[in-house]
Amino acid sequence: RCYGGFRRLSGLSQRFWLSRAYFPFLLWVALGFAALRQPVYGAMALLGICIWLLVFCRDLLASVTPFLLVFLLSTQRYESLGDFLPCAVLAAPFFAALIWHLMVWPVTFRVGRSATGLLLVSAATLLGGCGILSMHQLLQPLSLYYVGCLGGGMLVFYVLLRSCLTYSKGYDLHRRFAAIFCVLGVCMACLVMLDYAVRWQEFLQVHTTLYLKYRNFATALLLTTLPMSFYLSLKKPAHLLGVAVQAAGLALTGSRSALLFGVALLGLGFVYLVRWGLIPRKAVLPLCVAGAVLAVLVGPELLSLMMDSRMEDGHLFHQDSVRVQLFLRGITDFLHNPVFGIGLISQRNSDLFTGVEGSMVFYHNSIAQIMGSMGLVGIAAYGVLMRDRIALLRAGKTPFVRALALSYLGMLLISLTNPGEFCPFPNAALMVMVFTLAEEATGDVAVPVGEMLGFRPARRIYLPQK
């Protein structure tokens with residue numbers, strides 16, 4: 001009887017995951033709790049859905065969207081992330097559900113081209129600050145989160161995702177994956193707009209973008225998810241609405257990175273749509289002329305609306321800004337500790353930057369972050385990771401792989417001026433997803449881990465679905 005009940009719930013969960021209601025439902029759950037200003041309860045609800053799907057849905061990918069949406073809700077308590085500590089009670093059920101999922105629907109663990117780089121990065125994050133950081137510092141919760149998640153955590157996430165993608169899905173995997181990114185981007189943009197709705201009177205008074213503490217977090221996510229809406233628009237032009245919503249979200253963040261990199265990515269998206277036939281080539285010149293005229297007519301007003309709040313003494317950028325000082329400090333830290341750097345969780349540069357509660361002292365530049373935090377070991381590890389990633393993207397000539405390349409470019413750009421990929425969730429996890437799908441899309445061979453280690457494949461306990 002229990003088995004029959006499990007089969008029915010499993011079938012319902014699988015149909016829900018594959019239905020048209022899946023993404024709208026999760027989006028409305030996240031935005032509903034956000035509108036009620038109850039993000040902690042929203043996070044717990046989404047984690048509950050994630051646990052349910054791990055227990056009853058055969059497809060591991062079904063649990064990814066509610067899990068990542070949790071981190072978007074953190075923007076409503078960005079300066080007091082400790083408010084989300086009650087969610088910790090769901091940690092044990094979450095991991096128990098994951099173990100249950102792997103027992104009921106065991107997979108052959110496999111790794112592809114990305115594994116080498118991720119393994120080296122795991123070693124680099126552990127070795128960073130070797131000889132400088134004390135054991136007490138290394139065992140702090142902040143250290144365990146960043147070192148563990150940026151290193152071994154991303155490797156484990158990759159192995160799980162790569163293994164589950166090996167089996168036939170019975171649906172358009174690329175389109176489903178793009179939809180996950182699109183929903184994350186639209187949700188982030190709507191959260192930004194919701195803040196404007198709450199502070200509408202303030203916006204009318206200042207007549208420029210409002211100060212959002214999480215503006216760079218939102219920018220990093222939107223630059224990563226935006227290209228997937230371009231890909232989906234090839235399937236259904238109505239998805240261009242998703243492009244518009246996310247572009248509006250970028251504009252309203254008030255982030256200078258959003259202005260610079262957002263414009264660049266939208267331009268590349270336009271080229272992408274022309275290249276793959278959604279925009280006829282004969283329409284390119286008229287659209288460019290119309291865009292230029294529009295820029296002349298309303299561009300200055302829009303730029304003023306977006307950036308006046310960021311101007312200091314008539315300048316948008318300053319040579320003596322904190323970011324420049326942090327970059328120079330990263331070079332200095334590297335020269336003083338060339339092999340292992342000063343470690344990811346070193347507080348040495350807190351005189352220049354102190355992040356929100358629960359964040360490490362970032363250099364706000366990926367190059368300086370790798371050099372200063374992990375030294376030559378980090379440079380070698382991330383060099384291998386980037387080499388393999390670029391090779392994967394060059395191997396694919398399809399619209400999907402080209403959209404993945406744009407997502408990666410978005411993360412690379414934002415990582416030059418912000419923490420970017422050094423934020424484990426959702427940023428680093430999104431990049432792992434991008435290149436796991438790139439492996440699948442380019443036909444990269446996934447090698448069984450068990451056979452490499454001399455283990456036999458695990459036996460299947462039971463299969464509620466075929």
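Let's start inside helix α2, where the buried residues (under 20% relative accessible area with a 1.4 Å probe, protein chains only; exposed is over 50%, partly exposed in between) are Y22, F23, L26, L27, V29, A30, L31 and A34. This is a predicted model, in which local features need pLDDT of at least 70, side-chain atom pairs count only at pLDDT 80 or more, and totals for chains, interfaces and linings use all residues. Residues are numbered from 1 along each chain as its sequence is written, and side-chain values use heavy atoms, leaving out hydrogens and water.

- Just after α2, R37 takes a positive phi of about 60°.

**How α2 packs on α3**
- Helix α2 (residues 22-35) and helix α3 (residues 39-56) pack at about 155°, with axes 7 Å apart; axes are lines fitted to C-alpha atoms over the stretch in contact, and angles run from 0 to 180 degrees between N-to-C directions.
- The two helices, α2 and α3, are therefore roughly antiparallel, a label for angles over 145 degrees.
- Y22, F25, L26, V29, A30 and F33 of α2 meet P39, Y41, G42, A45, L46, I49 and L53 of α3, contact being heavy atoms within 4.5 Å.

- F157 sits in helix α8 (residues 141-164) and is buried, at 19% relative accessible area.
- Beyond its neighbours within four places in sequence, F157 contacts A429, V432 and M433.
- F157 and V432 are 275 residues apart in sequence, yet 7.7 Å apart in space, C-alpha to C-alpha.

Conventions: Helices (H or I, at least four residues) and strands (E, at least two) are DSSP runs, numbered from the N terminus. Angles under 35 degrees count as roughly parallel, over 145 as roughly antiparallel, 65 to 115 as roughly perpendicular and the rest as oblique.
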